[in-house]
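Please examine the model shown below.

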Amino acid sequence: MPSQPKPTACLALADGTLFYGQGFGATGVKTAELCFNTAMTGYQEIMTDPSYAGQIVTFTFPHVGNVGVNPEDDETADPVAEGMVVKWDPTEPSNWRAAEQLQDWLARRGRVGIGGLDTRRLTRAIRQQGAPHVALAHDPEGNFDIEALIAAARGFSGLEGLDLAKDVTCAQSYRWDEMRWAWPEGFTKREGPGHKVVAIDYGAKRNILRCLASAGCDVTVLPATATAEEVLAHGPDGVFLSNGPGDPAATGEYAVPMIKEVLAREIPVFGICLGHQMLALALGARTIKMNHGHHGANHPVKDLTTGKVEITSMNHGFTVDSQTLPEGVHETHVSLFDGSNCGIAVEGKPVFSVQYHPEASPGPQDSFYLFERFAEAMKQKVPG
């Protein structure tokens, strides 16, 4: 029998469990929280989703890298997830849109990968014990200081109490007019007048901004730390609260006062993911850390207002505690996996949010109505 190749990567968990495999991408050591994602497609979008800041992603689907990477599929300028864990080593890309191999892309962007692991065993451990703190090392020579790696994993501070939105938000405001990808033109620009939307960037994915533009919105993006005065200075018809990473309670320290003042002006508000949690906090609810979170493109969510079930994309490790929703705020969507909150709305006001990602379109069009609802709310808004 041929001998097994020498391991060139090691994943060390804080409890001392070790996984060895073949490294790819950048070399070095990354410390982070480990989660798993059950999506069958979209590894590039996942790696560049700002919501994954401070995390390493285990992909349960084994075929990762087979369609390569290309600039159009980046959700932000660079990968944000610290690293990736896969069952099989990435293969040669076979897709007409591929511009680069995954391994080379990761190396150039400073992100570490490890292949050849038993991802089923790892996923079971995460589900049973919660998202662990880990250190992922890639050394082509296969030399690892195991004690140091375990110590690094144990030394990771974790995501609770951590405001990561400041790390991934834009440095300054900008305009957005690119719409959703469509065959055969690809990405096109929105033209003409539109609903004036201020989008708060807690770690916004590009496709969310494209969906807003496709729904007829004239989008101005502001940093996460924007004040109510800065938001209102744009005279918005509506305010959008984006997705993002970290502990919502920490980001809420500066985000909640701004949102409260916007709500007092009777302006339509729509939030997604972290933006959903920010809105809930501003309305008086609380958020809690989940055992292992929801990460995937196949999560069933029930719309309680219509009874319909949407197949959704999710990426969150914190959730809104529906038991703390105040009077006048009702739960609109729930996860059919565990019953956790996935949407809220303010009674009698054009203010609503969802925990999942309607722009990712795994349904594929199950959830685009949310952007249309936001646009209609702005259309119905009476100036004054």
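Which element gives the largest share of the lining of the largest pocket? That element is α1, with 4 residues. The model is predicted, so local features need pLDDT of at least 70 and side-chain atom pairs count only at pLDDT 80 or more, whereas totals for chains, interfaces and linings use all residues. Residues are numbered from 1 along each chain as its sequence is written, and side-chain values use heavy atoms, with hydrogens and water left out.

The largest pocket holds about 1,200 Å³ of space. Among its 46 lining residues, Thr41, Gly42, Glu45, Asp73 and Ala360 are the closest to the centre. Two or more lining residues come from each of α1 (43-47), α6 (206-214), β13 (287-303) and β14 (309-320). Helices (H or I, at least four residues) and strands (E, at least two) are DSSP runs, numbered from the N terminus. On a 1 Å grid over the protein atoms alone, a pocket is an open set of points with protein on both sides within 12 Å along at least five of seven lines; a cavity is a set of points where a 1.4 Å probe fits but cannot get out, and lining residues have an atom within 4 Å of a point. Grid points are joined across faces, edges and corners, and a volume is the space filled by probe spheres set on the points. By class, this lining has 17 nonpolar, 18 polar and 11 charged residues. Here Ala, Val, Leu, Ile, Met, Phe, Trp, Tyr, Cys and Pro count as nonpolar, Asp, Glu, Lys and Arg as charged, and the others, Gly among them, as polar.

The second largest pocket has about 280 Å³ of space. Its lining comprises 17 residues, with Glu75, Thr76, Ala77, Val168 and Arg206 nearest the centre. At least two lining residues are supplied by each of α5 (165-168), β8 (174-176) and α6. The lining divides into 10 nonpolar, 2 polar and 5 charged residues.

The structure also holds 2 cavities of 30 Å³ or more. The largest cavity, with a volume of about 140 Å³, is lined by 17 residues, and Ser51, Gly246, His316, Gly317 and Phe318 lie nearest its centre. β14 gives the most to this lining, with 4 residues. Its classes are 5 nonpolar, 10 polar and 2 charged.

The second largest cavity, of about 30 Å³, is lined by Leu263, Glu266, Ile267, Lys349, Pro350 and Val351. Glu266 belongs to the loop between α8 and β12 (269-272), and has a positive phi of about 60° although it is not a glycine.

Leu263 also takes part in the contact (heavy atoms within 4.5 Å) of α8 with α9, where Leu274, Met278 and Leu281 are among the α9 residues. The axes of α8 (residues 248-264) and α9 (residues 274-283) come within 8 Å and cross at roughly 65°. That makes α8 roughly perpendicular to α9, a term that covers angles of 65 to 115 degrees. Axes are lines fitted to C-alpha atoms, for helices over the stretch in contact, and angles run from 0 to 180 degrees between N-to-C directions. The crossing is right-handed, meaning that the near helix is turned clockwise from the far one by less than a right angle.

Finally, a cis peptide bond joins Trp183 and Pro184, with omega about 0°. Pro184 lies in the loop between β8 and β9 (195-201).

Terms used:
Parallel < 35°, antiparallel > 145°, perpendicular 65-115°, else oblique.
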